[in-house]
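Welcome, and thank you for taking a look at this structure. Please take a moment with the sequence and the 3D view before reading on.

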Amino acid sequence: MGAQKKKNKSDAVPLDLDNIKPLEHLQAVPKARSSSITSVESVEEPGVVKQVLVPPTIREFDELEQFEAFVRDETWDNEFDYFHGRLHYYPPFVMKECHDDVEKIKPTTNKNSKKFKRNLQHHIQKHLIKDLQKCCGYELNFDKGEMTESFDKLSWTFKDETDHGFSKEEEDLYDRHWKLQLDVTCTNDSAMVDVDFKAIPILH
């Protein structure tokens, strides 16, 4: 039921990247989060029970704007440190080149094309990460990211384990420490790109 509510909110409030208020202060973890905590036996120390957080529900998207609105809504819902979204889409530079007609996407538009790789890297650094930072409402410190390439796949992995622009005192006050991971993957068989973005609380 909670997922439905979020979906409706995205529909109700259009995404305006130029008018998203930054997250100025942290607040207490939502009370509902406690239902996501479970106890498990420690692998390192048998017999010792540890509290762990169940991974958040993965939300799937096929449009960049819906995906970005989801990230924005998670911050609005005070869940900026506990979400997982996936996007499967044609990047804007691909759609522009084919004049928004997917039938006209060239079969060579994939990870084997130097131009496609260059355009995708530019899109990630100059648009995707910057837009996601606006939607999150806090700093993303992703730097260059780690690139791995195989015969059929190319991936970039960006990690952020910093304080996201908040003071350590503020994060300690609410015990809100979290890490982020952004994975962007393309393959040699299409111009489709996969984005996987998650925020994971660090429990102390």
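The report below starts with the whole chain and then turns to a few places within it.

## The chain as a whole

Please keep in mind that this is a predicted model. The protein chain has 5 helices and 8 strands. A box of roughly 55 × 40 × 35 Å, taken along the principal axes, holds the C-alpha atoms of the protein chain.

Of the 204 residues in the protein chain, 40% are buried.

## Surface and charge

The protein chain has an accessible surface of about 12,300 Å². Carbon and sulfur atoms account for 51% of that surface.

The protein chain carries 29 positive and 39 negative charges. The mean position of the positive charges and that of the negative charges are 4 Å apart.

## Aromatic pairs

How many aromatic pairs does the structure contain? The count comes to 12. A pair of aromatic rings is described by the distance of the centres and the angle of the planes.

Take F83 and F197 as an example: their ring centres are 5.4 Å apart and their planes meet at 70 degrees, so the pair is edge-to-face, a term for planes over 60 degrees apart. This pair links distant parts of the chain, with F83 in strand 4 (residues 83–89) and F197 in strand 8 (residues 193–201), 114 residues apart.

## A second ring pair

Y138 and W178 form another aromatic pair: the ring centres lie 5.2 Å apart and the planes stand at 75 degrees, so this pair is edge-to-face. Distant parts of the chain are linked here as well, since Y138 and W178 are 40 residues apart. Y138 sits in the loop between helix 4 (114–136) and strand 5 (146–149), while W178 is in strand 7 (residues 178–187).

Y138 is buried, with a relative accessible area of 4%. W178 counts as buried as well, with 1% relative accessibility.

How many disulfides does the structure hold? The number is 0. C98 is in no disulfide, and the nearest cysteine sulfur, that of C186, is 17 Å away. C98 is buried, with a relative accessible area of 4%.

V94 is part of helix 3 (residues 92–97). With a relative accessible area of 3%, V94 is buried.

Which residues does V94 touch, leaving aside its neighbours within four places in sequence? V94 is in contact with I105, T109, F116 and A191. For K111, 17 residues from V94 along the chain, the C-alpha atom is separated from that of V94 by 12 Å.

## Two histidines with positive phi

Most residues other than glycine have a negative phi. H99 has a positive phi, near 55 degrees, and H164 has a positive phi of about 55 degrees.

Where are these histidines found? H99 is in the loop between helix 3 and helix 4, and H164 is in the loop between strand 6 (153–160) and helix 5 (168–173). H99 counts as exposed, at 69% relative accessibility, whereas H164 counts as buried, at 1%.

How values were computed: Residues are numbered from 1 along each chain as its sequence is written. This is a predicted model: local features need pLDDT of at least 70, side-chain atom pairs count only at pLDDT 80 or more; totals for chains, interfaces and linings use all residues. Side-chain values use heavy atoms; hydrogens and water are left out. Rings of Phe, Tyr and Trp (its six-membered ring) pair if their centres lie within 6.5 Å; planes under 30 degrees apart count as stacked, over 60 as edge-to-face and the rest as tilted. Helices (H or I, at least four residues) and strands (E, at least two) are DSSP runs, numbered from the N terminus. Buried means under 20% relative accessible area, exposed over 50%, partly exposed in between (1.4 Å probe, protein chains only). A disulfide is a pair of cysteine sulfur atoms within 2.5 Å. Contact means heavy atoms within 4.5 Å. Accessible areas come from the Shrake-Rupley method with a 1.4 Å probe; for residues, only the protein chains shown count as cover. Lys and Arg count as positive and Asp and Glu as negative; His and the chain ends are not counted. The place of a charge is taken as NZ of Lys, CZ of Arg, CG of Asp or CD of Glu.
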